[in-house]
Amino acid sequence: SNPLILDLNEAKKEVRSYGATAFVGKQKKSFQDEQYKLLTGRDRKQPKMPPNIARLVRKKALAREEKMIAEAKQAGFVLPKSALESQQEQKRKKSSQRQGEWNGPAPSVGFTKDGVLKLTKKPF
């Protein structure tokens, strides 16, 4: 209700945001997180792991899996498909199924051009 208090609060915010322009590193990140929380009302999602480290972890895991598969094949074991191979196979199946759905069934007589069925021979 008192306009003087509101002006002081605004001045305080302005001074803080102006001072925040000099923040670097962790301090800058925490200030941005704070501003995000004030704006949205919830915390910003934190990355679970830096991307470069995640890539290395994934690369090492693939190398371990390949080594294990090679050893198992050499020992004569029959192995199931890897998760990656099965995912790729499922994607291929879905994409081949979708092509027919997009354009409708292929016409048995004639061809489609600009969305119109052109007949090459009489249907009767």
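How many helices and strands does the protein chain have? The chain has 4 helices and 2 strands. Both kinds of element are DSSP runs numbered from the N terminus, with at least four residues (H or I) for a helix and at least two (E) for a strand. The order from the N terminus is α-α-α-α-β-β. The model is a predicted one, in which local features need pLDDT of at least 70 and side-chain atom pairs count only at pLDDT 80 or more, while totals for chains, interfaces and linings use all residues. Residues are numbered from 1 along each chain as its sequence is written, and side-chain values use heavy atoms, with hydrogens and water left out.

Burial was computed for the whole chain. Buried residues account for 6% of the 124 residues. Buried means under 20% relative accessible area, exposed means over 50%, and partly exposed lies in between (1.4 Å probe, protein chains only). The chain exposes about 12200 Å². Carbon and sulfur atoms supply 58% of that area. Accessible areas come from the Shrake-Rupley method with a 1.4 Å probe; for residues, only the protein chains shown count as cover. Contacts (heavy atoms within 4.5 Å) were also sorted by separation in sequence. Of those between residues at least 6 apart, 0% join residues at least 24 apart.

Two helices were compared with their expected span, which is 1.5 Å times one less than the number of residues. Helix H2 covers residues 26-40 and has 15 residues. From its first C-alpha to its last, H2 reaches 21 Å, close to the 21 Å expected. Helix H3 covers residues 51-75. Its 25 residues should span 36 Å, and its end C-alpha atoms are 36 Å apart, which agrees. H3 is hardly covered, with 2 buried residues among its 25. Glycine 76 follows H3, and its phi is positive, near 95 degrees.

The structure holds 1 aromatic pair. The ring centres of phenylalanine 23 and phenylalanine 31 are 5.7 Å apart and the planes meet at 75 degrees, so the pair is edge-to-face. Rings of Phe, Tyr and Trp (its six-membered ring) pair if their centres lie within 6.5 Å; planes under 30 degrees apart count as stacked, over 60 as edge-to-face and the rest as tilted. Phenylalanine 23 and phenylalanine 31 are both buried.

The whole structure contains 3 salt bridges. A salt bridge places a side-chain nitrogen of Lys or Arg within 4 Å of a carboxyl oxygen of Asp or Glu. Arginine 16 bridges to glutamate 34, with the closest N and O atoms 2.9 Å apart. Arginine 16 lies in helix H1 (residues 3-20) and glutamate 34 in helix H2, so this pair ties together parts 18 residues apart in sequence. Arginine 16 is partly exposed at 39% relative accessibility. Glutamate 34 is partly exposed too, at 36%.

Aspartate 33 bridges to arginine 44, the closest N and O atoms being 3.4 Å apart. Aspartate 33 lies in H2 and arginine 44 in the loop between H2 and H3, so the pair ties together parts 11 residues apart in sequence. Arginine 44 is partly exposed at 29% relative accessibility. Aspartate 43 forms a salt bridge with lysine 37, with 3.3 Å between the closest N and O atoms. Aspartate 43 counts as exposed at 55%, whereas lysine 37 is partly exposed at 41%.

Met49, Ile53 and Val57 make a nonpolar surface patch of about 250 Å². Patches are made of residues with over 30% relative accessible area and no salt bridge; like charges are joined within 9 Å, and nonpolar side chains (Val, Leu, Ile, Met, Phe, Trp, Tyr) within 5 Å. Isoleucine 53 is placed in helix H3. Its relative accessibility is 42%, and it counts as partly exposed.

Phenylalanine 111 belongs to strand S1 (residues 111-113). At 43% relative accessibility, phenylalanine 111 is partly exposed. Neighbours within four places in sequence aside, phenylalanine 111 is in contact with Val116, Leu117, Lys118 and Thr120.
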